[in-house]
Amino acid sequence: MLAFRAMSGQKGTIVELNPIDALGWIELDEGGRVRFGGTALKSFAVPPPVGTRVEVHGSVPGYKGVPKAVMVTPLVVAPAATEEPRDEPSRAQKKTPWPTFVREHPRWSDAAETCVPCARKAPRPELPEHPLFAPWRRELRETAPTCVDLKVPHYLKPESFDPGPGDCFAHGSVAWLDEPRWPSCGVCARPLEMCVQLTPAVLADFLPGGRGLAALFCFHCGVAKNSDPRVAYVRLVEPRHRVTGPEAWQSASSGWRRESLRVTPASPATELPPASWYRYRSEITPETASSALFGFDALDLDGPFPKGFDPDQLEEVGEEYDDWLAQQRGGASWGGARLGGVARWDQADATPSCAHGEMPHLLDYGGGQFLDGALHVFSCRERVCELAFVAEF
């Protein structure tokens, strides 16, 4: 196979679990340990106790390269088979010739349709020639999403200031909102923790209308309820009132600062998604070429391959693609937050939907508060429904 889920289908036992943030460890039957977060426990109604037998469905490199589970489900023992197993087709019978694959997969991906477009133009990515990706090179260049990198100072090296209504900022205990009150969690009633605020002028290239964006989050409840609108204040706002949070504050995030930190927008830039994004997206759009190449159920390909391509590279086709992208010049750089572009999923594609269909991605925010994850914010395609979010940890 061209690509697969690392650790897919491995059985193990939960040996550590923090009930507050739902972070823990699984000891695998075949040896080794894998970390998991609250987002991976969606199949459980409540966090499972230590000792629960589980199955790990996929893993990705997490913080400092430690394997992190994509999804964890209760271990179910299958009933004994009552029929003789059928002979599987041989590997040779399953292989798809490269010319057939190209002909049957004319579209690379739907990446451009998954994010809010930017009104300002940015230079197209300069992609070098590559024999394997040549059939889709034009589509990749023309549809590369445009994003604006938002530089947030490192939370251990603050550049604090007192933000005004015309400033973009993160962290701190100040917000500029529609109403003169600090938002609270709808589950535990604790005051929410400030994440990031963007001015109407910065947001206008993505969502015109004279409103900015404010994102505050409850890190006490949000790990287990990572898309529940009650645990966050993620809204379009008119910055009319300077609101301050409570004096006595107990942060529950990994890197919050009491001081407000200035956020600096960069110029618009284009950036193509990494292979991991296509892998997660493959469960939603299995018919695209990128899904068939990088997906969890990737096709097994056979020649004749393009001249100049080594078939051995198919064993690591995702790395081959990422190395190819790394050769482009002028791409965006991750600075703690980003407007536009595809969602930087850490575990799985969990794009929300509203009454008007799948919601395009608007903002990613990490800022040191979401460990190796982020707060992903989405907007209605018709711009009539409320913003939605998904938090990863």
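Colleague: Let's start with Arg 138, is that one buried or exposed?
Modeller: Arg 138 counts as exposed, because its relative accessibility is 66%; here buried means under 20% relative accessible area, exposed over 50% and partly exposed in between, found with a 1.4 Å probe on protein chains only. Before we go on, please keep in mind that this is a predicted model, in which local features need pLDDT of at least 70 and side-chain atom pairs count only at pLDDT 80 or more, while totals for chains, interfaces and linings use all residues. Residues are numbered from 1 along each chain as its sequence is written, and side-chain values use heavy atoms, with hydrogens and water left out.

Colleague: OK, and which residue forms a salt bridge with Arg 138?
Modeller: That is Glu 142, and the closest N and O atoms of the pair are 2.9 Å apart; a salt bridge here is a side-chain nitrogen of Lys or Arg within 4 Å of a carboxyl oxygen of Asp or Glu. Both residues belong to helix H3, where they sit four residues apart, about one turn of the helix. Helices (H or I, at least four residues) and strands (E, at least two) are DSSP runs, numbered from the N terminus.

Colleague: How many salt bridges are there in the whole structure?
Modeller: A search of the whole structure gives 19. One of them joins the side chains of Glu 271 and Arg 338, at 2.5 Å from N to O. This pair links distant parts of the chain, since Glu 271 is in the loop between strand S16 (269-270) and H5, whereas Arg 338 is in strand S18 (residues 336-340), 67 residues apart. Glu 271 counts as partly exposed because its relative accessibility is 23%, while Arg 338, with a relative accessible area of 3%, is buried.

Colleague: What about Asp 110, which residue does it form a salt bridge with?
Modeller: Asp 110 pairs with Arg 281, with the closest N and O atoms 2.7 Å apart. Asp 110 lies in the loop between H2 and H3 and Arg 281 in helix H5 (residues 275-281), so the pair ties together parts that are 171 residues apart in sequence. Both residues are buried, and they belong to a network of salt bridges that also takes in Asp 349 and Glu 358.

Colleague: And what else does Asp 110 contact?
Modeller: Leaving aside neighbours within four places in sequence, Asp 110 is in contact with Trp 277 and Thr 285 as well as Arg 281, where contact means heavy atoms within 4.5 Å.

Colleague: Changing topic, where does Ser 290 lie?
Modeller: Ser 290 is in helix H6 (residues 289-294), and it counts as buried because its relative accessibility is 1%. A polar atom of its side chain lies 2.7 Å from the backbone oxygen of Trp 108. The side chains of Ser 290 and Thr 288 are joined by a polar contact of 3.4 Å, which is a pair of N or O atoms within 3.5 Å; within protein, one must be able to donate a hydrogen and the other to accept it, and residues adjacent in sequence count only if both atoms are side-chain atoms.

Colleague: Now the nonpolar part: how many residues has the largest core?
Modeller: The largest nonpolar core has 55 residues, and those with the most contacts inside it include Phe 217, Leu 339 and Leu 375; such a core is a set of buried Ala, Val, Leu, Ile, Met, Phe, Trp, Tyr and Cys residues joined through side-chain atoms within 4.5 Å. Strand S11 (residues 212-217) gives the most to this core, with five residues. Apart from it lies another core, of 37 residues, among them Leu 132 and Phe 378.

Colleague: Which strands form an open sheet with S11?
Modeller: The order of the five strands is S12-S11-S10-S8-S14, and the pairing is antiparallel; two strands pair if DSSP finds at least two bridges between them. Strands S12 (232-237) and S14 (261-262) stand at the edges with a single partner strand each, so one side of each is left without a neighbour in the sheet. Strand S10 (residues 193-198) is joined to S11 by five bridges, and Ala 215 in S11 is the bridge partner of Val 196.
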